[in-house]
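Thanks, everyone. Please bring up the model, and I'll walk you through it.

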Amino acid sequence: MADDPNPTEASAPALVVNNVSHSFGDNAALKDVSLEIPRGRFVVLLGLNGAGKSTLFALITRLYDNVTGEIRIFGHNIRRRAMAALQRLGVVFQSRTLDLDLSLKQNLLYHCALHGIHGSEARRRTERALQIVGLADRAKEKVRNLSGGQSRRVEIARSLLHQPSLLLLDEPTVGLDIGSRESVVNIVRSLVEKEGLSVLWATHLFDEVRPTDLVVVLHKGRVLFTGTVPEMLAKTETKTVSDAFRKLTGSATEELAA
Amino acid sequence: MTAMSSTIQHGSAATTSISEQAWGAEPPRLGLRAYFTCFKGIVWREVLRYLHQRERFMSALVRPLIWLFIFAAGFRQTLGVSIIPPYETYVLYEVYVVPGLLGMILLFNAMQSSLSMVYDRETGAMRTLLVSPFPRSFLLVSKLIGGVAVAAIQAYVFLAIFYFWEGELTGWGYPLLLAAPAGIFALHIFNSATEMFSERFMQRALMVAGAFEIGAIIAVIYYWNLGPPSMNYIAVAPALVVAGLMLGSLALFMSSVIKQLENFAGVMNFVIFPMFFASSALYPLWRVKESSMLLYELCQLNPFTHAVEVIRFALYGQVDWPSLGIVLACTAVFLGAAIYAYNPSKGLIARRGGPGAGA
């Protein structure tokens, strides 16, 4: 930790994104983005399609390196201490990442191996993770036979195997029916309540925001707002999150046009 | 257990502990054992995936067999192969072409796995691999070795078939050996059309056929008194690994740079065919030299030629040092390039596409 003098791990926030910009050629996807996830909080990253949510996720998960600014996970800079940072991070990507031809168990055991967990410990964790998402009785089935909601839950189970302290979910409820959406949301929220997990939940669905959540509004690569839900409503003088979002992004668009 | 999982369906998990270790505890240090676990996991996944894709399994085997039984049989009279090292006597064309066909198996597999990596990157499976805490170069090399393991399985099945072909069995020898695979193949075709049998039934059938096949092999070897294979099937193993690594790292590099690799036809035309035909796989180079000096030079520059020669010499328990050197050097270059391409800050992956790579 000698190369990491800033916030020590004991007190550092779960995730710090500091002045991060990123562009693809001339196309700026993120402009000077800063945000913070305090420990044990459920943070909703609100943004429309193309707002830069997936780019931000790609940077945090090191698909690309952040060229400007810095990203820290529990105080560990993801460029300089990638191993320590990634060990604390669990990710549910937007696209499906399970092997359809393999069983649930085989998929999860593979993920255990990717984190260096082996043998009976890996089997035990696989079983418990499947219990948490309510699919323990289907461990031997092929993923191909699962519904969209069920395979989403398996992906969550997979992201939990190495007991990450920070969980990133990129639009985890897209394409799910109401029942599945609810169960996915509940699983993650109960982990925040019971285990003090920190969560960054990217979505464009306003009804997934609860009054106690922290909200980050991302629009066209810029962070327009960070704070609690009441603060957001007060700032925009609106009654619902969707109105507040529209007002924030609407005025931002006007500013850009002006 | 069932009661528990049904309550959990609604999100009120009775337990949320994954292991004895508490949530938020300091993650364990990843030692050598963890590296080995990760390596084994990646290789095993490649093998599992391969075994589950029955069509891929079949086509991978059928391709070299067509070359051996149809092309080589037809070509036998056209092309005389004189005595060149490592051969000590005149050899049949079918014998000459074996190392080339092994190279072909490695080449097709490498390209296929590179395609699957492009596909993986788009579905996100590559991204789950890359968020593993282990160093990226280690992950990529493990993935590569997984691909080589799959290719080696195919190579050895091919060699086994060649062994029995050379044995010139009479009577019911070949029907006995072919009964189980043919039965499974027919059942598979029938079932994919009618879906009459369950997945489970198919798995059982496969196991029964496998057991029958092992019995048939033992019976045939015993009854026809087959000796050891005419080539060195053990010495060829390291040669397959070295050649496989070279082709795999070339493919890995290509998968990270070339966007157009997404369809197999393109790869066939621009990579596989030129590499395969402009090499010593199908004809000895002195023959090529007689007809075209330019083509001869091209063949010499083709790393695939040297991969085939390494395999050819290894099949006779010899080492072709110059070719081995070239293959190892090419492996180092291609692998370095691939690791560079996947490096998140310097790599080419960062310059292409947007988050479209994953979403």
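Let's begin where the chains meet. This is a predicted model. Chain B puts 48 residues into the contact, and chain A puts in 56. Which elements of chain B give two or more residues to its side? They are helix 1 (2-8), helix 2 (32-52) and helix 5 (125-130). Helix 2 of chain B gives the most, with 10 residues. What kinds of residue touch chain A from that side? The side of chain B has 21 nonpolar, 23 polar and four charged residues.

Now chain B by itself. It has 14 helices and zero strands. So how buried is it? Of its 359 residues, 36% count as buried. Take the contacts in chain B between residues at least 6 apart in sequence. Of those, 77% join residues at least 24 apart.

Stay with helix 2 of chain B, and look for helix 6, residues 136-166. The two axes come within 8 Å and cross at roughly 40 degrees. The angle makes helix 2 of chain B oblique to helix 6 of chain B. The crossing of these two helices is right-handed.

Who meets whom there? On helix 2 of chain B, the residues include B:Tyr35, B:Cys38, B:Phe39 and B:Ile42. On helix 6 of chain B, they include B:Phe138, B:Ser142, B:Lys143 and B:Ile145. By class, this helix contact has 11 nonpolar, three polar and three charged residues.

Over to chain A. Here we have eight helices and 10 strands. The C-alpha trace spans about 60 × 50 × 35 Å along its principal axes. How does chain A sit against the rule for a compact globule? For 258 residues, the rule puts the radius of gyration near 18 Å; chain A has 19 Å, which agrees. Of those 258 residues, 49% count as buried. Now the contacts in chain A between residues at least 6 apart in sequence. Of these, 69% join residues at least 24 apart.

There is a helix pair to see in chain A, too. Find helix 3, residues 104-114, and helix 5, residues 148-160. Their axes come within 9 Å and cross at roughly 30 degrees. Helix 3 of chain A and helix 5 of chain A are therefore roughly parallel to each other. Their crossing is right-handed. Helix 3 of chain A brings A:Leu104, A:Asn107, A:Leu108 and A:His111 to the contact. Helix 5 of chain A brings A:Val154, A:Ala157 and A:Arg158. By class, the residues of this contact are four nonpolar, two polar and one charged.

Last topic: backbone angles. Most residues other than glycine have a negative phi. Two residues in chain A are worth a look here.

Start with A:Phe74. It has a positive phi of about 45 degrees, although it is not a glycine. Where does it lie? A:Phe74 is in the loop between strand 4 (70-73) and strand 5 (76-77) of chain A. Is A:Phe74 buried or exposed? It has 26 C-beta neighbours inside 10 Å, so A:Phe74 counts as buried.

Then A:Lys220. Its phi is positive as well, at about 50 degrees, and it is not a glycine. A:Lys220 lies in the loop between strand 9 (214-219) and strand 10 (222-228) of chain A. With 18 C-beta neighbours inside 10 Å, A:Lys220 counts as partly exposed.

That's my tour. Over to you.

Notes: Residues are numbered from 1 along each chain as its sequence is written. Chains are lettered from A and ligands numbered from 1 in the order in which they are written. This is a predicted model: local features need pLDDT of at least 70, side-chain atom pairs count only at pLDDT 80 or more; totals for chains, interfaces and linings use all residues. Helices (H or I, at least four residues) and strands (E, at least two) are DSSP runs, numbered from the N terminus. The radius of gyration is taken over C-alpha atoms; the globule rule is 2.2 Å times the number of residues to the power 0.38. A residue is buried if 20 or more other C-beta atoms lie within 10 Å of its own, exposed if 12 or fewer, and partly exposed in between; C-beta atoms are placed from the backbone. Two residues are in contact if their C-beta atoms, placed from the backbone, lie within 7 Å. Axes are lines fitted to C-alpha atoms, for helices over the stretch in contact, and angles run from 0 to 180 degrees between N-to-C directions. Angles under 35 degrees count as roughly parallel, over 145 as roughly antiparallel, 65 to 115 as roughly perpendicular and the rest as oblique. A crossing is left-handed if the near helix is turned anticlockwise from the far one by less than a right angle, and right-handed if clockwise. Ala, Val, Leu, Ile, Met, Phe, Trp, Tyr, Cys and Pro count as nonpolar, Asp, Glu, Lys and Arg as charged, and the others, Gly among them, as polar.
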